[in-house]
Amino acid sequence: MAKTIIEEINRNIYDIKNKDEYDFKIQKGLTPEIINEISKQKNDPEWMREFRLKALEVYNKLELPTWGPELSELNMNEIATYVRPKTKLNNSWEDVPEDIKNTFDKLGIPEAEKKSLAGVGAQYDSEVVYHSMKEDLIKQGVIYTDMETAVIEYPDLVKTHFMKCVPVHDHKFVALHGAVWSGGSFVYVPKGVKVDIPLQSYFRLNSPESGQFEHTLIIVDEGASLHFIEGCSAPKYNKINLHAGCVELYVKDNAYLRYSTIENWSKNMLNLNTKKAIVGENAQIDWVTGSFGSKISMLYPMSVLNGKGAKTEFTGISFAGKGQNLDNGFKVIHNAPNTSSVVNAKSISKNGGKCTYRSLVRINENAKNSKSSVSCESLMLDDISISDTIPVNDIRTDDVEFSHEAKIGKISDKTIFYLMSRGLSEEDAKAMIVRGFAYPTSKELPVEYAVEMNNLIDLELEGAIG
Amino acid sequence: MKLLEIKDLYVKTPDKEILKGINLNINKGEIHVIMGPNGSGKTTTANAILNNPAYVKEKGKIIFDGQDITNLKTDEIARKGIFMSFQLPEEIPGITVSNFLRYAKNKVTGKPVKIFEFKDELKKYMEELNMNSKNVERSLNVGFSGGEKKKNEILQLLVLKPKLAILDETDSGLDVDAIRTVSKGIEMFKNNDNAILIITHNTKILSSLKVDYVHILIDGKIVKTGTQELAKEIEENGYEKYKIM
């Protein structure tokens, strides 16, 4: 029976489970005492401790969202929000404890670092265990470090930017993030500096019944450019894990940032993540996202086009299998003249999986002569899977070009027959069609990641046919 | 030497009996043509040979190269060496012609494809077929004109080198120049070890090929078999005479 095979499928490298060994694991639950303890364990400066406690107050006041996937199975009393691995921050893989290093080895991180990356950060549970960047970037004034170091070493930059792009009262899980955040990366690219080779941060959650709340803060200063890649995964457990990260991106005038994500959380993960970019004059943010994992995902990266001529492109694909409810999308606010946004969102659902594309396009009155074009396409691999599109378009000026296109489809038997007549098995044929469908996303990724994405597709399709 | 043997084949779709006892023998080195009016079962014959699940075989056998392939899966039949050029080739977004063909060649031959040899081969065939060399980097059949799609089918035929090529209405909807190019491709493919089964309802494509046998298919039965002369007769007089039977 195909359906049971899917549940039993070996997600191989992603499912490596290390023993739940840690240096410190906070008790489950969410109280001011617990927050104070996390703050103490992390040696926060006083302003950060106060910030956390305020965020907790906001969290307690805010309600769960009244729309989207059902979140009732999330019980914060069953989640440990801080797990410190048995190591400090290292800048050499040699110094990372063996089991942790092995995990990242199998995920291909040190290898990718040698071949195709300018810098790497690797987080294990709540803390970053490895961070390193090429010498020439350091010389050019680029900063790439873990968030904790940034709080201590660059307090002015952090204080003026940390949770200013995404304020804690945005929604309940951002408030939660503000209270318990730990780990993540801080990047500053100085004016005019072009970082040609990508930086990558990888987030791995190993500990059961816990959460990961990393904070990524990137400032690309005027005229500078950067490609940042984030990857995430976790082994599967029977109980719920929670991811509520926060990504804040500042793309200053004439700057460029590409933010790529390959997300493969395990299927017991609630991925309630928040990402937002503020984009200056003639600056551009491009989002590229491959979303495969999680039991429930609610993720809607947002571009705020504040400067004249600011641009954004979103290219993403979600793949939902049995038991998955991926409620993903994109939000854009056109808040200046001559701004433009292009969205190319795709989703694939199979074995009863559910994909929803939820979006907001707002074009403010002042955003004269702006353009927005949205295309979303869904592919359902069987009759029991679900796909939905919920766009909100709020256009407040007539002087715009706006288009929205949505398509929902299935793989036709004729197409499968055509490919099989060329010697491809039914499974190969379906995989080829799905890979082609995902191509607009994979072509935007560096080649190694495109390969990883295709492998994930093959992994997802394995046993799905039969 | 016998390559394909169809014995007393009956085929239906969910709502209709289509083939009612087809018998057909094709030897290596031969070109066969099946002609017939619309709805007579020509495309069904092609699909039945490749065992398209949409067509159900009720009776009969298909022997290819000495093996019973009646109930094999389509991809297994393709790997045994049967190719079909489609009347309406499917579009596959995001998969380039070049990648697709390399993958298919690997599947059909079961051997790794040498990339440079493959690219040279592809280039050579595309020149012969007057194809735009940029087409190899386009998604398979997506946005191709009718003529480009048909040429692309012939390109696949040349690259995959089957033992038996079934060309289903490859000439339909093509202008004179395109028909000439497609015929040229067919001639390039043809040798003494392989065979071709052409399905058509007009005779234009036949003028430049040396056809061995012409079969007239009416209402699911082969009612007459002859030589190229038979095609000429059909061109002049139509199928009326055979329909009465």
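Mentor: Axes here are lines fitted to C-alpha atoms, for helices over the stretch in contact, and angles run from 0 to 180 degrees between N-to-C directions. The model is predicted: local features need pLDDT of at least 70 and side-chain atom pairs count only at pLDDT 80 or more, while totals for chains, interfaces and linings use all residues. Residues are numbered from 1 along each chain as its sequence is written, and chains are lettered from A and ligands numbered from 1 in the order in which they are written. Helices (H or I, at least four residues) and strands (E, at least two) are DSSP runs, numbered from the N terminus.

The pair is in chain B. Helix α5 (residues 146-160) and helix α6 (residues 176-189) of chain B have axes that come within 10 Å and cross at roughly 5 degrees. α5(B) and α6(B) are therefore roughly parallel to each other (under 35 degrees; over 145 is roughly antiparallel, 65 to 115 roughly perpendicular and the rest oblique). On the α5(B) side, the contact (C-beta atoms, placed from the backbone, within 7 Å) is made by B:Gly147, B:Lys150, B:Lys151, B:Ile154, B:Leu157 and B:Leu158. α6(B) brings B:Ala178, B:Thr181, B:Val182, B:Gly185, B:Met188 and B:Phe189 to it. By class, the residues of this contact are seven nonpolar, three polar and two charged (Ala, Val, Leu, Ile, Met, Phe, Trp, Tyr, Cys and Pro are nonpolar, Asp, Glu, Lys and Arg charged, the others, Gly among them, polar).

Elsewhere in chain B, helix α1 (residues 42-49) is largely enclosed by the rest of the structure, because eight of its eight residues are buried (20 or more other C-beta atoms within 10 Å of its own; exposed is 12 or fewer, partly exposed in between; C-beta atoms are placed from the backbone). B:Lys42 and B:Asn47 are among the buried residues of α1(B). After α1(B) comes B:Asn51, with a positive phi near 55 degrees. B:Asn132, in the loop between α4 (115-128) and β8 (139-140) of chain B, is exposed, with 10 other C-beta atoms within 10 Å. From B:Asn132 to B:Ala195 is 63 residues in sequence and 28 Å in space, C-alpha to C-alpha.

Chain B also touches chain A, with 18 residues of chain A and 20 residues of chain B in the contact. On the chain A side, α10 (413-420) and α11 (426-442) give two or more residues, and α11(A) has the largest share, seven residues. That side divides into nine nonpolar, five polar and four charged residues.

Chain A is divided into domain 1 (13-411) and domain 2 (412-466), with bounds from an automatic or database domain assignment. The centres of the two domains, taken over C-alpha atoms, are 27 Å apart. Their contact takes 24 residues from domain 1 and 21 residues from domain 2 of chain A. β19(A) gives the most to the domain 1 side, with four residues.

Leaving aside neighbours within four places in sequence, A:Val220 is in contact with residues including A:Val189, A:Tyr250 and A:Ala255.

Notes:
Two residues are in contact if their C-beta atoms, placed from the backbone, lie within 7 Å.
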